[in-house]
Amino acid sequence: MPARLFLSSGDMIADRRFEFARDLQLKGNLVAAADLLLQATELAPGFASAWFTLGQIREQLGEKDAAIAAFRNAHAADPGDRHGASLHLMRLGAEPVADMPQAYVQVLFDQYAPRFETALVDGLGYRGPSLLFKAVLSVRAAARKPAFFKRAIDLGCGTGLAATAFAKEVDRFIGVDLSPRMIDRARLTGLYSELEVADMVAALRGKPDASADLVLAADAMVYVSDLAPVLREVARVLAAGGLLAFTVETHTGEGVLIGAGLRYAHSAPYVREQVAAAGLKLVHCEDLSARNEDNVPAPGLVVVATKA
Ligand SMILES: C[S@@+](CC[C@H](N)C(=O)[O-])C[C@H]1O[C@@H](n2cnc3c(N)ncnc32)[C@H](O)[C@@H]1O
């Protein structure tokens, strides 16, 4: 996991109390840590990192209401929500499932970037790009069309693993990612003609109609709650006969939920409905896991849709 985010309160004594509280938390003395954090927030009421950590400790102590109150304060103290307190509120059922704060995604992946590939590929057995590649090849083989694409867009491109998997089949890659540090890594691959630090929906809105033959999103839709806006834009940007290939994590209930790992899981019926609602045709939907969670494959889907 990336290093823990710390946002100074601007008050030296409050910051020091926070550090002591963290030491106590790491030693397992949660009650004393919570007391110290409360003292820190009395000194600095807008101390987001202290409120956030207090929320986590309250939850560990089984004090759900107090955890929710602390996460709410963390969010209020940092409206951009770099800690992702709102995601914990969603996970705890205190807020409806909604979009992920962009600042949280940026901070998370900026911190993650230097060790992303080792952590994901070696640590979590990440296989999203190769699953997408196999799915796209099989869809093209079934349609008796060559698996070659002139213009591709890689949504949530990260360090460029999907472009690496598709490198021989694509002429020109555009990569889009919210995290500048991930984009820096993607640039080093030399595989992208263009790289944009942007939200995927915003980036797609800036693209002309029918300007892409392939759109990929490998392990990126897990950071998007409502798939409708992105699928609608993909449908507009794809040329006739173009393909969209993406992975999601899934669950057996209804709609979209946020899991313990703070990623969204989309149910298979929800994915099918949203693909159809965007005017795309689902041509491949397979139960396949793109990564492990706690050493077991996280349930997932590999989806390919086409524009008629
Ligand atoms: C788990 S990584 C996967 C990276 C890459 N696709 C791969 O297969 O290795 C998810 C990436 O999606 C990016 N991301 C998340 N939400 C995004 C959004 N709304 N718009 C653009 N990028 C986003 C993150 O910054 C991160 O780099």
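Helix 2, residues 30-43, and helix 3, residues 48-60, cross at roughly 150°, and their axes come within 9 Å. This is a predicted model, where local features need pLDDT of at least 70, side-chain atom pairs count only at pLDDT 80 or more, and totals for chains, interfaces and linings use all residues. Residues are numbered from 1 along each chain as its sequence is written, and side-chain values use heavy atoms, with hydrogens and water left out.

Some terms. Helices are DSSP runs of H or I with at least four residues, strands are runs of E with at least two, and both are numbered from the N terminus. Axes are lines fitted to C-alpha atoms, for helices over the stretch in contact, and angles run from 0 to 180 degrees between N-to-C directions.

Back to the first pair. Helix 2 and helix 3 are therefore roughly antiparallel, a label for angles over 145 degrees. Their crossing is left-handed: the near helix is turned anticlockwise from the far one by less than a right angle. Who touches whom? On the helix 2 side, L30, A33, A34, L37, L38, A40 and T41 make the contact, meaning heavy atoms within 4.5 Å. On the helix 3 side, the partners are A50, W51, T53, L54, I57, R58 and Q60. That contact holds ten nonpolar residues, three polar and one charged. Nonpolar here is Ala, Val, Leu, Ile, Met, Phe, Trp, Tyr, Cys and Pro; charged is Asp, Glu, Lys and Arg; the others, Gly among them, are polar.

Next pair. Helix 3 packs on helix 4, residues 64-77, at about 160°, with the axes 8 Å apart. These two are therefore roughly antiparallel as well. Again, the crossing is left-handed. Helix 3 brings A48, W51, F52, L54, G55, Q56, R58 and E59. Helix 4 answers with A66, A67, A70, F71, N73, A74 and A77.

Now the strands. How many residues of strand 1 are buried? Five of the seven in 149-155, with buried set at under 20% relative accessible area, exposed at over 50% and partly exposed in between, using a 1.4 Å probe and protein chains only. Strand 1 runs parallel to strand 2, residues 170-177, and six bridges join them. Pairing takes at least two DSSP bridges.

Last stop, G261. This glycine sits in the loop between strand 6 (256-258) and strand 7 (264-266). G261 counts as partly exposed because its relative accessibility is 34%. R91 is 170 residues away from G261 in sequence, but 9.6 Å away in space, C-alpha to C-alpha.

Methods
Parallel < 35°, antiparallel > 145°, perpendicular 65-115°, else oblique.
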